[in-house]
Amino acid sequence: MPDSLPLFEQGRHLLSVSQFDRDNLQALFDMADAVDPIAKRQAVCTVLDGAMLGSLFFEPSTRTRLSFESAFLRLGGEVTTTTGFTFSSMAKGESIADTARVVSGYSDVLVVRHPDEGSVAQFAAHSIVPVINAGDGTGEHPSQALLDVYTLQKELAARGKNVDGCHIAILGDLKYGRTVHSLIKLMGLHTGVTFTLFAPPGLELPVQIEHDAIAHGHTVRVMDDVEAAVTGADVIYATRVQRERMTDELAQANARGDLLNKSILTRADNLDAIIMHPLPRDSRPDSYDLSSDVDDLPGLAIFHQTDNGLNVRMAIFLTALGVTIEAVNLTSKRRPWKATLRPV
Amino acid sequence: MPDSLPLFEQGRHLLSVSQFDRDNLQALFDMADAVDPIAKRQAVCTVLDGAMLGSLFFEPSTRTRLSFESAFLRLGGEVTTTTGFTFSSMAKGESIADTARVVSGYSDVLVVRHPDEGSVAQFAAHSIVPVINAGDGTGEHPSQALLDVYTLQKELAARGKNVDGCHIAILGDLKYGRTVHSLIKLMGLHTGVTFTLFAPPGLELPVQIEHDAIAHGHTVRVMDDVEAAVTGADVIYATRVQRERMTDELAQANARGDLLNKSILTRADNLDAIIMHPLPRDSRPDSYDLSSDVDDLPGLAIFHQTDNGLNVRMAIFLTALGVTIEAVNLTSKRRPWKATLRPV
Amino acid sequence: MPDSLPLFEQGRHLLSVSQFDRDNLQALFDMADAVDPIAKRQAVCTVLDGAMLGSLFFEPSTRTRLSFESAFLRLGGEVTTTTGFTFSSMAKGESIADTARVVSGYSDVLVVRHPDEGSVAQFAAHSIVPVINAGDGTGEHPSQALLDVYTLQKELAARGKNVDGCHIAILGDLKYGRTVHSLIKLMGLHTGVTFTLFAPPGLELPVQIEHDAIAHGHTVRVMDDVEAAVTGADVIYATRVQRERMTDELAQANARGDLLNKSILTRADNLDAIIMHPLPRDSRPDSYDLSSDVDDLPGLAIFHQTDNGLNVRMAIFLTALGVTIEAVNLTSKRRPWKATLRPV
């Protein structure tokens, strides 16, 4: 990923969280707030009437795809979808440059997911319309980091707290977890954050990311006990440890399979903490992940994250397409159908 | 499937035909009649403007998927589609509860098909928006039974007859045929129906379903000769017998491969009967199914069933989303394009 | 393909380029010109509001599918998509007649691609709505030929030239190249064209097509040297030679892998020629195709072709659905979002 990517604004690709400073991040979040009535089905919007999203998933990611597509459709746009490992014309030797140029000719904005790091940037270099990176291998997945910080900010605000100065415990696979890296990177725009890290042996956070956080004036604490790690945290961000990355000792030591559960939180006297997770959560018996026994705790925010994903992805599209909050409001209206949350 | 499912109305899941009494069935059919100009391309409708259908097919069923998606789109809504045997996040150990909660957050109504009986109900229990069962294994497929009864009623009415007191011959695999079970179950809302059954040995109707029909005051006749079975019937409902379920004797005895054809109908002096079939119809040479030589008979209703499927599925969506017939009419209009049926 | 297909107009299937005479071809191209503001994102259009396209790809062709779907969506219509080798109900023995009748009941127009020559026509025979052939095996792919001729006409016009009397060099696999056959066939509607052909041994143009062109009054020159073939041509139409069709000698003789490149054009003193290609272009090291070193030449029109594909496919849909240019203009409007071509 080039170091010198421009700030994300109208007519730009979104390839990396490095394309944000505090101002355009706040502008994005203001837009995400403004579209909340649309995301919450209180209004319908036609601002993207006639705009086309090309949704290109070179590797499967149903949840991310549905979130992006729903966000675009809720704004009144239209979507064409391509999923699957290969593009039929690529199998005939077509270059990524030709594919990008041709397909971008059909759309107004593209969402691209690819299994190889750097491929989305390469694709973007030949696209004639803005490209939104929906994840490329172990590289970037900027919309996930943005919705994480947006949720963090909203959940803390609901408790009268700020992101500046908050205390976040991050648990799980901190080595390969792309979302954790992007999250910490994006937190560099805030000040005075305390990160408490707990990772199984061999899955610790890369030293460079830790150093960068410290260089931004944050505090980084590394713990080898999960109970101690979550004690006093405002927010606990848990990520699953993939079974193939667990050592035999870890696998044996965690027969119960929980990275975090209600019993740990009880012992840490922190049952009210905000609990986040990038999902999917591994609920198989031998997993090492967030237990579902926390699902009735008041701070559970894992589904707020996925719901907020709609707001943030709408804001990304509106920004790329140069739509103002005023234009959104002018094209929103009431609807004749009834939304039901919690049917029986 | 729980016994005590509530009646199907606004804000409710549709999981089973047991969710209908005669009143809400008639209300659904009135809605299906009301949307006929939209289904027949005489008007376009925007009543579901801004509403999102999540179409989730965990097993392939192209015809059912297209019917549901077309119905929703014709009402002005938008659709996101997911097909394929697995959900990418489920492969990572995500529970059906988490998947349902996350995906329902992107949509206003979900259509779910799953190969395992009971899975759709389990999915619905964790969805925050209404779930329509589009078939789960050998369990329920309520929209098929509803469109069958709707078609039955329209075809009989066109001949000045009623469902109450009619005579239906049901042919084919009555043991595993999910649509037959749901149809007979739903006919429990009507009175005085005569069912004449013809099934190959080993594929007879389960005794419980036969007893239930009799308990509702219907007459059940079991025949071992197809010509006798269709004699005098107002309606003949044929279903294919899957080849893997045919005994060797049956396979040999039916070298011509026809469960029902014009010659049988001629001998039974019933060439005017209403002919129905849930489709697909097996047209391979060694199949044991409805012959296509009946396609020019006046009572052929098998494509009326699929066409009516649009009306019934529109009515299901409008009911779930609390839309009135008045709201549909207010948002319907003429269109500048021309529909052609029977092009050359 | 029957010889006596009717001219393509409202309510008709589009199965073959033989369905055009000079008048209805010009009418189609006038419509393609008229929708240019929509194709170029200067206006949005709602003329197909409420119309449904069924997009049925029995073999993968992502580019063609996206082009058709985008064209329909940009006109305000809605799309349902089915891709994959088999139709789930066809696997159960359903005839192509039943599938066509059922699926056509859900849509207002169908786009069908099938790997077997003649299958699309068979499908169309049982469809109740117009079917657009999107390619059937080695048979027809009329929308590709139409966009080729449309592009040819626009590129020549921009240089003050006409299709009548122009000089086209056609390079590559002229034996199996379906697009080349349809292109030459469609050029039969024009007069006085000179075709200069260059094909590797064994991949020459079928004699019948050459004779037909001559019978239309065109000139056909066959060359065995690519440099001589492109000298003096107004237009160079290159097609890839599939590696499995290359002889060993050809494969060895073309170690550099270029059917056409800047060096050949320089030696032929024809760096300004209009360069076309049906795409995809094979950019693998051992390919025998158009080199990407021509991409900065002023006459490069290969992406104009794919962009024009939107215009031509919009015009096909509008024709089939009987929409006039006036109706398009009445339903077009400005939009609140900004289109960006060439983002960074």
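**Labels and their grounds**

Analyst: The model is predicted. In chain A, the domain assignment gives domain 1 as 17-141 + 308-333 and domain 2 as 143-302.

User: How far apart are the centres of domain 1 of chain A and domain 2 of chain A?

Analyst: Taken over C-alpha atoms, the centres are separated by 27 Å.

User: Which element gives the most to the side of chain A that touches chain B?

Analyst: The contact takes 35 residues from chain A and 38 residues from chain B. α3(A) gives the most to the chain A side, with eight residues. By class, the chain A side has 15 nonpolar, nine polar and 11 charged residues.

User: How do you know how chain C is related to chain B?

Analyst: A rotation of 120° with 0.0 Å of shift along its axis superposes chain C on chain B, with an RMSD of 0.0 Å. The two copies are therefore related as by a three-fold rotation axis. Between these chains, 38 residues of chain C are in contact with 35 residues of chain B. On the chain C side, α4(C) gives the most, with four residues.

User: Why is strand β4 of chain C called largely enclosed?

Analyst: A residue is buried if 20 or more other C-beta atoms lie within 10 Å of its own. Six of the six residues of β4 (residues 109-114) of chain C are buried, so the strand is largely enclosed by the rest of the structure. C:Val109, C:Val111 and C:Arg113 point one way, while C:Leu110, C:Val112 and C:His114 point the other way.

User: What makes β4(C) and β5(C) a pair?

Analyst: Two strands pair if DSSP finds at least two bridges between them. β4(C) and β5 (residues 131-136) of chain C have four bridges, in the parallel sense, so they meet the definition of a pair. C:Leu110 stands opposite C:Val131 in β5(C). The chain crosses from β4(C) through helix α5 (residues 119-125) of chain C to β5(C), in a right-handed β-α-β crossover.

User: How many bridges are there between β2(C) and β4(C)?

Analyst: These strands pair over five bridges, in the parallel sense. In β4(C), C:Val109 is the bridge partner of C:Leu53.

Notes. Residues are numbered from 1 along each chain as its sequence is written. Chains are lettered from A and ligands numbered from 1 in the order in which they are written. This is a predicted model: local features need pLDDT of at least 70, side-chain atom pairs count only at pLDDT 80 or more; totals for chains, interfaces and linings use all residues. Copies are superposed by least squares on the C-alpha atoms of residues with pLDDT of at least 70 in both. Domain bounds come from an automatic or database domain assignment. Two residues are in contact if their C-beta atoms, placed from the backbone, lie within 7 Å. Helices (H or I, at least four residues) and strands (E, at least two) are DSSP runs, numbered from the N terminus. Ala, Val, Leu, Ile, Met, Phe, Trp, Tyr, Cys and Pro count as nonpolar, Asp, Glu, Lys and Arg as charged, and the others, Gly among them, as polar. A residue is buried if 20 or more other C-beta atoms lie within 10 Å of its own, exposed if 12 or fewer, and partly exposed in between; C-beta atoms are placed from the backbone. A crossover is right-handed if, with the strands pointing away from the viewer, the path from the first strand over the helix to the second runs clockwise.
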